[in-house]
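Here is a short briefing for a reader new to this structure. Have the sequence and the 3D view at hand.

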Amino acid sequence: MAPLPRTLELFYDVLSPYSWLGFEILCRYQNIWNVRLQLRPTFIAGIMQHSGNKPPALLPSKAKYLTGDLKLLGEYVQIPIQFPKDFSSAILVKGSLLAMRFLTAVNLEHPEMLEKVSRELWMRIWSRDEDITEPQSILAAAQKAGMSTEQAQRLLEKASTPQVKNQLKETTDTACKYGAFGLPITVAHLDGQTHMLFGSDRMELLAHLLGEKWMGPVPQDATARL
């Protein structure tokens with residue numbers, strides 16, 4: 001009998017470009033490694049408030065570093081990251097609350113669409129420098145990801161309900177309990193133990209924990225295992 005898949009939880013916010021990097025890598029490996037990937041839409045502002053952390057871009061030297069770092073990482077992971085022109089407004093002022101509530105609603109009602117809708121929201125803000133805060137922006141992302149207009153509108157309405165608001169808060173609180181001080185975090189459940197890994201650059205370590213083969217961020221051999 002084949003061993004049961006190990007559960008991986010990815011806590012992420014589309015405001016975080018490093019979350020996008022980790023998301024794409026894990027989505028590529030979910031059918032290569034013996035894992036069950038669970039995507040957990042999370043509110044990064046809640047993580048920052050709880051932990052007392054601050055966005056790295058608030059420090060000028062870090063902000064300067066991030067620009068080049070993300071450019072190189074985008075090339076390495078093969079995703080089209082581009083810094084928003086008005087970074088301060090898009091990231092530090094407008095935030096991601098509606099987007100993450102919408103993704104929470106998607107996860108509750110149509111979890112099979114969560115990967116595609118999440119990716120399209122990242123594409124809007126971190127590749128095409130488009131808004132993710134207005135209702136029409138959210139609807140456009142959902143439709144581009146393959147949702148019907150009616151389906152997207154229903155989920156947008158659901159995003160403002162207490163059920164969705166409470167679920168997003170609960171997921172964010174869970175990430176905090178795991179020790180999150182930023183996003184993304186990957187939580188691996190292995191042999192009764194829980195391992196929390198922060199950032200998008202711990203995937204080789206994750207492979208070590210799982211006993212799986214790491215083949216870089218863009219694996220070519222979809223059948224290779226240790």
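Predicted model: local features only at pLDDT ≥ 70, side-chain atom pairs only at ≥ 80, totals over all residues.

Residues are numbered from 1 along each chain as its sequence is written, and side-chain values use heavy atoms, with hydrogens and water left out. Helices (H or I, at least four residues) and strands (E, at least two) are DSSP runs, numbered from the N terminus.

**Helix pair**

- Helix H1 (residues 17-29) packs on helix H6 (residues 114-126) at about 145 degrees, with the axes 11 Å apart. Axes are lines fitted to C-alpha atoms, for helices over the stretch in contact, and angles run from 0 to 180 degrees between N-to-C directions.
- From H1, the contact takes in Pro17, Ser19, Trp20, Phe23, Glu24 and Cys27. From H6 come Glu115, Ser118, Arg119, Trp122, Met123 and Trp126. Contact means heavy atoms within 4.5 Å.
- By class, the residues of this contact are 7 nonpolar, 2 polar and 3 charged. Ala, Val, Leu, Ile, Met, Phe, Trp, Tyr, Cys and Pro count as nonpolar, Asp, Glu, Lys and Arg as charged, and the others, Gly among them, as polar.

**Strand hairpin**

- Strands E3 (residues 185-190) and E4 (residues 193-198) pair antiparallel over 6 bridges. Two strands pair if DSSP finds at least two bridges between them.
- Valine 187 sits opposite methionine 196 of E4.
- The hairpin leaves 2 residues between E3 and E4. In the turn, aspartate 191 has a positive phi of about 50 degrees.

**Largest pocket**

- A pocket is an open set of points on a 1 Å grid over the protein atoms alone, where a 1.4 Å probe fits, with protein on both sides within 12 Å along at least five of seven lines; lining residues have an atom within 4 Å of a point.
- The largest pocket holds about 820 Å³. Such a volume is the space filled by probe spheres set on the points, with grid points joined across faces, edges and corners.
- It has 38 lining residues, and Ile44, Met48, Pro55, Pro56 and Leu183 are the closest to its centre.
- H4 gives the largest share of this lining, 5 residues.
- The lining divides into 26 nonpolar, 7 polar and 5 charged residues.

**Second largest pocket**

- The second largest pocket has a volume of about 200 Å³.
- Its lining includes Phe43, His50, Arg101, Lys165 and Asp173.
- H9 gives the most to this lining, with 6 residues.
- The classes here are 4 nonpolar, 4 polar and 4 charged.
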